[in-house]
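Q: I would like to learn how to read the domains, the chain contact and the helix packing in a model like this one. Where do we start?

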Amino acid sequence: MKNVKSFIGFAFAGIFVMSSVWSTFGEYGIFFSFIGGTIIITSLWYLNHYWDLIHNHENAAFVDMAMAIGIAGIVRDFLLKGTHELVLSLPTLFFVLLGGTLAGVTAYFIEKYDQKEAKK
Amino acid sequence: MTIAQAITTTVGAFIFPLLVRLMWGKMVDEWKAFGGLAAIILIVMLSWSLNHGAAVPFIYQSGGIWIDQANAVAIGVFITTLMHRQSLKKSLPTIASAVLAGIFSGCILFLLFQ
């Protein structure tokens, strides 16, 4: 049941963010894009992570709703545009994942350093 | 994709998860749910402007498949918590839900946009 709840939360995130809601707001310029994005993400974050519709088990590595959002965007465009475009997009995917990984490692070392300093 | 584009893409994808990891938790501790709202405006939307929304975005899309900055934050926070010795095994069911839900919503959106 916990995983069914998580599935529903993740699916909400993927469908809302990758639908055309955000870009339709964006037709009026970046300011409205900003507003639209804030409404969508805040609603989903409150539901999924503050109210915990997505169940992250205790002491388990944290799975963010962003995972479902990223995959939803890739699957959507893959089904719409096919394998050729997927291959063309692989470099971007690689460097985005590389940047994310580097940030994760950096954040760990910063947090560890801060914990050490706090103990002193 | 040129080397310059590869570098800006990496840098853009680096900034977002780092800000999330360093700021989000503290904002929620201080201001509860409104901290989440603040974090979304000040981190997610700001990074979105930088990476996707700006006239010259940091994340260069080399093909027609939309590679969102969400991919970066998903792997970033996951790796940080993994390095804090949180269990990979216990998070596998949640990852499975995320992947299945991602594929599911991708299919639904395909039906919408086809």
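A: We start with the domains of chain A: the assignment gives domain 1 (1-81) and domain 2 (83-120). Bear in mind that this is a predicted model.

Q: How far apart are the centres of domain 1 of chain A and domain 2 of chain A?

A: Taken over C-alpha atoms, the two centres are separated by 20 Å.

Q: How many residues of chain A are in contact with chain B?

A: On chain A, 67 residues make contact, and they meet 72 residues of chain B. The elements giving two or more residues to this side of chain A are α1, α3 (30-50), α4 (66-81) and α5 (83-119). The most comes from α5(A), with 22 residues. Sorted by class, this side of chain A has 41 nonpolar, 21 polar and five charged residues.

Q: How are two packed helices described?

A: One gives the angle between their axes and the distance between the axes. Take helix α1 (residues 2-18) of chain A and helix α3 (residues 88-113) of chain B: they pack at an angle of about 40°, and their axes are 8 Å apart. That angle makes α1(A) oblique to α3(B).

Q: What is the handedness of the crossing of α1(A) and α3(B)?

A: The crossing of α1(A) and α3(B) is right-handed. Among the residues that make the contact are Phe7(A), Phe10(A) and Gly14(A) of α1(A), and Ala101(B), Phe104(B) and Leu109(B) of α3(B).

Q: Which classes of residue make up the contact of α1(A) with α3(B)?

A: The contact of α1(A) with α3(B) has 12 nonpolar and eight polar residues, with no charged residues.

Terms used: Residues are numbered from 1 along each chain as its sequence is written. Chains are lettered from A and ligands numbered from 1 in the order in which they are written. This is a predicted model: local features need pLDDT of at least 70, side-chain atom pairs count only at pLDDT 80 or more; totals for chains, interfaces and linings use all residues. Axes are lines fitted to C-alpha atoms, for helices over the stretch in contact, and angles run from 0 to 180 degrees between N-to-C directions. Helices (H or I, at least four residues) and strands (E, at least two) are DSSP runs, numbered from the N terminus. Angles under 35 degrees count as roughly parallel, over 145 as roughly antiparallel, 65 to 115 as roughly perpendicular and the rest as oblique. A crossing is left-handed if the near helix is turned anticlockwise from the far one by less than a right angle, and right-handed if clockwise. Two residues are in contact if their C-beta atoms, placed from the backbone, lie within 7 Å. Ala, Val, Leu, Ile, Met, Phe, Trp, Tyr, Cys and Pro count as nonpolar, Asp, Glu, Lys and Arg as charged, and the others, Gly among them, as polar. Domain bounds come from an automatic or database domain assignment.
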